[in-house]
Amino acid sequence: MTAVGYARTDRDKETERNRYRRDPFKAKRRNLAYYAALGPEQLRTKRQWWRRQQKTARPWIDALRCVRWRAKKKGLEYSLTAEWAAGVWTGRCAITGLIFVFAFGNKSGPRPFSPSVDRIDHRLGYVPSNCRFVLACVNNFRGTMGDEEMLRVAVSIVAQ
């Protein structure tokens, strides 16, 4: 056997080994088998655990996803990024200073104390200089009013 033939045989074996190692669907098949072996209750528990992990690591992601969809639907400019959100995020409402509360479970939609992205000037789109994180109830209450008008209404409600 010549050296070329020997090297070619080893190369073929190495190629075959690498093909198996780099199989893009190998991990997916392994995961599918793992999740198929779980029962529905275990699968639900794992999903809830993963959702909590994501909410803890990046709590602004859901708000950005909703805003991107809303901007597309209304034809507004959208240029918010995860980096912007990470830089602006304090865990508190920009207007009231109250801490955001996240609801976990099967119910969908915003809760009164969940974070929401507010456009300071409603004529402009979702651009970093025009947005802030506020409570969903404050954002709904504010509507298209400015901060001063909203404060005036809130003071009159408290005075009653």
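**Reading the model**

Mentor: Buried means under 20% relative accessible area, exposed over 50%, and partly exposed in between, with a 1.4 Å probe and protein chains only. The model is predicted, so local features need pLDDT of at least 70 and side-chain atom pairs count only at pLDDT 80 or more, while totals for chains, interfaces and linings use all residues. Residues are numbered from 1 along each chain as its sequence is written, and side-chain values use heavy atoms, with hydrogens and water left out.

Trainee: With which residue does Asp121 meet in a salt bridge?

Mentor: A salt bridge is a side-chain nitrogen of Lys or Arg within 4 Å of a carboxyl oxygen of Asp or Glu. Here the partner of Asp121 is Arg123, at 3.1 Å from N to O. Arg123 is exposed, with 73% relative accessibility.

Trainee: How many salt bridges does this rule give?

Mentor: The count comes to 8 salt bridges. One of them joins the side chains of Arg65 and Asp62 at 2.8 Å, N to O. These two residues are 3 apart in helix H4, and are therefore separated by about one helical turn. Arg65 is partly exposed, at 44% relative accessible area, whereas Asp62 is buried, at 17%. In helix H3 (residues 40-57), Arg44 and Glu41 are likewise placed 3 residues apart, about one turn of the helix, and their side chains meet in a salt bridge at 2.6 Å, N to O. Arg44 is partly exposed, with 39% relative accessibility.

Trainee: Which residues are linked in a network of salt bridges?

Mentor: The network links Asp118, Arg132, Arg142 and Asp147.

Trainee: How many helices and strands are in the protein chain?

Mentor: Helices (H or I, at least four residues) and strands (E, at least two) are DSSP runs, numbered from the N terminus. The protein chain has 7 helices and 2 strands. Their order from the N terminus is α-α-α-α-α-β-β-α-α.

Trainee: How do the strands E1 and E2 run, parallel or antiparallel?

Mentor: Two strands pair if DSSP finds at least two bridges between them. In this model, 5 bridges join E1 to E2 (residues 131-135), and the strands run antiparallel. Within the pair, Ser116 stands opposite Val134, and Pro115 stands opposite Leu135.

Trainee: Are the residues of E1 buried or exposed?

Mentor: Strand E1 (residues 115-119) is mostly covered, with 5 of its 5 residues buried. Pro115, Val117 and Arg119 point one way, Ser116 and Asp118 point the other way, and all are buried. Strand E2 is also mostly covered, 5 of its 5 residues being buried. For the protein chain as a whole, buried residues make up 25% of the 160 residues.

Trainee: Which residues touch the most other members of the largest nonpolar core?

Mentor: In soluble globular proteins, nonpolar side chains tend to be buried together. A nonpolar core is a set of buried Ala, Val, Leu, Ile, Met, Phe, Trp, Tyr and Cys residues joined through side-chain atoms within 4.5 Å. The largest core here has 20 residues, of which Trp60, Leu80, Trp84, Val117, Tyr126 and Phe133 touch the most other members. The elements giving two or more residues to this core are helix H4 (61-74), H5 and E2. H4 provides the largest share, 5 residues.

Trainee: Which residues make the nonpolar surface patch?

Mentor: Patches are made of residues with over 30% relative accessible area and no salt bridge; like charges are joined within 9 Å, and nonpolar side chains (Val, Leu, Ile, Met, Phe, Trp, Tyr) within 5 Å. Accessible areas come from the Shrake-Rupley method with a 1.4 Å probe, and for residues only the protein chains shown count as cover. Leu98, Val101 and Phe113 make a nonpolar surface patch of about 260 Å². Leu98 lies in the loop between helix H5 (82-88) and E1, and is partly exposed at 42% relative accessible area.

Trainee: Where is Thr90 placed?

Mentor: Thr90 is in the loop between H5 and E1, and is exposed with a relative accessible area of 60%. Thr90 and Phe133 are 43 residues apart in sequence and 8.7 Å apart in space, C-alpha to C-alpha.
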